Amino acid sequence: MMERLSKSVEKTLEMGAHFADARFEDRKISTIFVVNDELRDYQNMSMKGVGIRALVGGSWGLSSTSRLDTDSLLEAAERAVRIAKHNAGKVEKKVSLDSAKSMKKSLAARVKKNPLDVDSESKLSFVMDLTKAQKVDDRVVNTNSRYGEKIYNFLLVNSFGSELEWEEIRTFAFAHSVAAEGDKREFSYDVKDGTKGFELIEEIDPNAMGEKVGNESIELLGAKRPPNGMMTVVADPDISGLLAHEVMGHASEADEVVKKRSFLTPMVGKRVATDLISMVDDGTYPGANGMIPFDSEGTPSAHTSIIEKGVFRGYMHSLETAAEMGVEPTGNGRAEDFSRRVWVRMTNTYFKKGSDSLDEMIEETKEGVLTSKAMRGMEDPVGGGFEAVALKGYLIKNGEVTDPIPSFTLTGSALDILNTVDLVSKEFELSGGTCGKGDEDWVNVSSGGPFIRAKIVVGGA
Amino acid sequence: MMDLGSVNERVISKATKEGVSAVESFSVSWRSKSAYIEDSRPNFAIEDEQSGMGVKVALGKKVGFASSSLQKDEDALAALDAAIKIAKLSPEDTHFESFPPIKEVTGSVEGVYDGTIPESSSVDLMDRAMIVVESATATKDMEVPKGMIRAQDYEFRISNSTGLENGHRGTLLFLSFSSKIAEGGKSGEGIEKVYSTQLKGIDFESIGEKISSRAINTINATAFKGKLEAPVIIANSELGQMLLSSVAFAVSGEHVNKKRSPWADKIGSKMFSESLNIKDDPLLPGGMQSAPIDDEGTPAVRKTLVEKGVLKQFIYDHYNAQIAEQEGGNGFRRGVGTIEKSHFIPASCSVSNLTIPPGSKGLDEMISELDKGIYVEKFAAPEVNQFSGAFGLEVRNAALIEKGEIREYVKFALLTGNLYEGLGKVLMIGNDSAIGGPWMVSSPGAAYCPSVAFDGFQLVGQE
């Protein structure tokens, strides 16, 4: 396959491309889904294909196909150049990627136990145990458990002479309970994931994880209506991670910066938070869900400082944005798969931990809210607005955690929030998942960090 | 494109020889063309052609599913082998009975295939994208930092061992553009997303005008302070997304059977306002999820879900229909905004096109009838808690109404409330029906609804 990719890249250069790369992907995903003690779904997915990119002037063409024979790839190469050439005349800026480095490397995933070497019975048994454990009470009316493994293999050839081969392995476990009492229904969940093999699953006690989720769903049946308005919030790692990822992270993606869509465009060297806040994107973080050896352009992943002691330091880059801004690429040029374009994307994005303990943070809060787990967040690179939905939370009164509250939303200007951060915990956690850019283009990431205390508008019903 | 009928035939034939009790093969081919704008200029164009298939087999009540990209017929047979292997390893699914039987397809649907889409190249799409840009940037200082158009034509075929053989050809168009204007340290963004089955008839110039005027409204918006409880008009596209995250969940037969739905035991109950009707319409002309069959090959049928405020019925895929002893027809895997990857998942229970029939009042008339109120044009992410109906949504652009007129635009606020309760407090239903897309472009299920005025929600500001 490497030879076929090389021939395709050669073809693009013969046709006038200034830069080209060809990426083969073989993605295998297997999932087991159990609902209410019964297997609902056990499936394998295999996705293979090649995407060939050609750059002419400042215009990119990408042609992709699931047909892998030489003729189909050469045809795709021709098409990529034709598309790029057609639009090249309409693009004023020229992109020169001449500073990109050539590399030849082959990297296997660093896992202890490849999921492919584990028998299906062990995987099924784990999911069944996880489901049974959730049934802590008759009020738990629905239990859902999922096991998954993702095994991705990549080959990449580019016109600088790079030939790369690498593997990514991820596993995950997910538990979700629904509790009901009268007309009221509430749910809770937990998820563990990462760039690990089956050892990630073996490190989980399915009984403890399942029971915890079941009990949390019941606890929410008695939750009080959340408060509305500006509050002192002790944001847990999930919510602080969303603040890092959704607002500060997406706005630090350099493709948003070069087109001046980011509210952080003029901010390098300026204070954006209290000096307790430092933030990084780290694609090298061992075991984290967003860890990648190379991005989709073949750039090695990196540890990129975004905020240091409250001062904004810089952006994440693809080959194109790095060339445009005259800096080194940071390994953040990522595509959902071979048929999708590369954007600048995050990997593992988080605030660095501080020196306070969570207990101290709560003790020092007279009245406020402690968040617990996230349901979702939304990016706003233009306006810098923060929106995150917490799964649940607890009221804090006179330094003590009191009543649980159900799902509520946190919002406000991210810079306003970060400039009120006065406590940052030494407890630290990353949560994985996937991230879309705009409406689609999902990639594996993680976000998280410490608990942080700040002033945030909360609202719920 | 690949001969999909032949792929399914080989899979069914081999599965039968292998002695499986039942088998279902879904295969799909598509061509996709995309054009991306960056910084008001062409930047990236994509042309993609792929095929894939998914196969589900049953060995008695042991079921397995596997899927694969297709570069040659052998890939489909390898997927079949993988599905059989999984079925052998799986515990019994006591609810599994069979795959859907042959039923006559009587419904027809118009406007779901536009022949201009397969004929259009990514270059043609780029030309249209630039019409949006030129229209938007006709406003001084307006930029289009980001935009994209994707057009797909596809065919899928579904066959199973009961002898069912069906298929459908369709086209999909998805557009997403954002404009930006900056002035005196402030910036405003205007966003428009369009889901359609047609390329012809799309007015690209008006999309540019729309994102331009939205950006201007946003830059002029001020941060809302305090709290306001007043009638709220929620714009059609935003309400559609709220309905997909809540009502579509509550009426799903899968969630009803698994006791997850908050409406599981409410059939026949008067739960909502008398003026409220909700249907599931897989035959809606030009509907994003419209086809004469669902993705299991079952004939598509219109269903009344809520009539005059009374919950009438749920929707079912074949598996859940058998459990509940109801009719199927709502087994979907096709995404609303893209056909890609639809073969990687088995069909599951989903609404097709969730519709609220339009009322008689235009948006301006609805606004004119409110002495005090709020009009929400854009949320950050219009998603509702599917179990409780509760929401707290960040308002990206809203207008405060006083004495029947828009007084000012506001942002940095939350609209809070409970949509399930709100559906019982409907004040007015507009006549401006539009589509609301799902949270994920690749998810099945679209919503077509007008703007609706509700009572009982609250706007919460920063102080």
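This is a predicted model: local features need pLDDT of at least 70, side-chain atom pairs count only at pLDDT 80 or more; totals for chains, interfaces and linings use all residues.
**Exercise 1.** Work out how helix 1 and helix 2 of chain A lie against each other, and which residues make the contact.

*Solution.* Start by finding the two helices: helix 1 covers residues 2-14 of chain A and helix 2 covers residues 70-88. Next, take the geometry: they pack at an angle of about 30°, and their axes are 9 Å apart. Angles under 35 degrees count as roughly parallel, so helix 1 and helix 2 of chain A are roughly parallel to each other. The crossing of this pair is right-handed. Now look at who touches whom. Helix 1 of chain A brings A:Arg4, A:Lys7, A:Ser8, A:Lys11 and A:Thr12 to the contact. From helix 2 of chain A come A:Thr70, A:Leu73, A:Leu74, A:Ala76, A:Ala77, A:Glu78, A:Ala80 and A:Val81. Sort the contact of these helices by class and you get six nonpolar, three polar and four charged residues.

**Exercise 2.** Check the span of helix 5 of chain B, then find what its buried residues pack against.

*Solution.* Helix 5 of chain B runs over residues 204-220, which makes 17 residues. At 1.5 Å a residue you'd expect 24 Å, and the helix reaches 25 Å from its first C-alpha to its last, close to that figure. Now pick out the buried residues of helix 5 of chain B: they include B:Phe204, B:Ile207, B:Gly208, B:Ile211, B:Ala215 and B:Ile219. B:Lys210 and B:Arg214 are on the buried list too. For some background on spacing, an α-helix has 3.6 residues a turn, so residues three or four places apart point the same way. Finally, see what lies against the buried residues of helix 5 of chain B: helix 4 (122-136), plus strands 4, 5, 6, 17 and 18 of chain B.

**Exercise 3.** Is A:Asp119 buried or exposed?

*Solution.* First locate A:Asp119: the loop between strand 4 (104-107) and helix 3 (120-134) of chain A. Just 12 or fewer neighbours are needed to be called exposed. A:Asp119 has 9 other C-beta atoms within 10 Å, so it is exposed.

Definitions and conventions
Residues are numbered from 1 along each chain as its sequence is written. Chains are lettered from A and ligands numbered from 1 in the order in which they are written. Helices (H or I, at least four residues) and strands (E, at least two) are DSSP runs, numbered from the N terminus. The expected span of a helix is 1.5 Å times one less than its number of residues. A residue is buried if 20 or more other C-beta atoms lie within 10 Å of its own, exposed if 12 or fewer, and partly exposed in between; C-beta atoms are placed from the backbone. Two residues are in contact if their C-beta atoms, placed from the backbone, lie within 7 Å. Axes are lines fitted to C-alpha atoms, for helices over the stretch in contact, and angles run from 0 to 180 degrees between N-to-C directions. Angles under 35 degrees count as roughly parallel, over 145 as roughly antiparallel, 65 to 115 as roughly perpendicular and the rest as oblique. A crossing is left-handed if the near helix is turned anticlockwise from the far one by less than a right angle, and right-handed if clockwise. Ala, Val, Leu, Ile, Met, Phe, Trp, Tyr, Cys and Pro count as nonpolar, Asp, Glu, Lys and Arg as charged, and the others, Gly among them, as polar.
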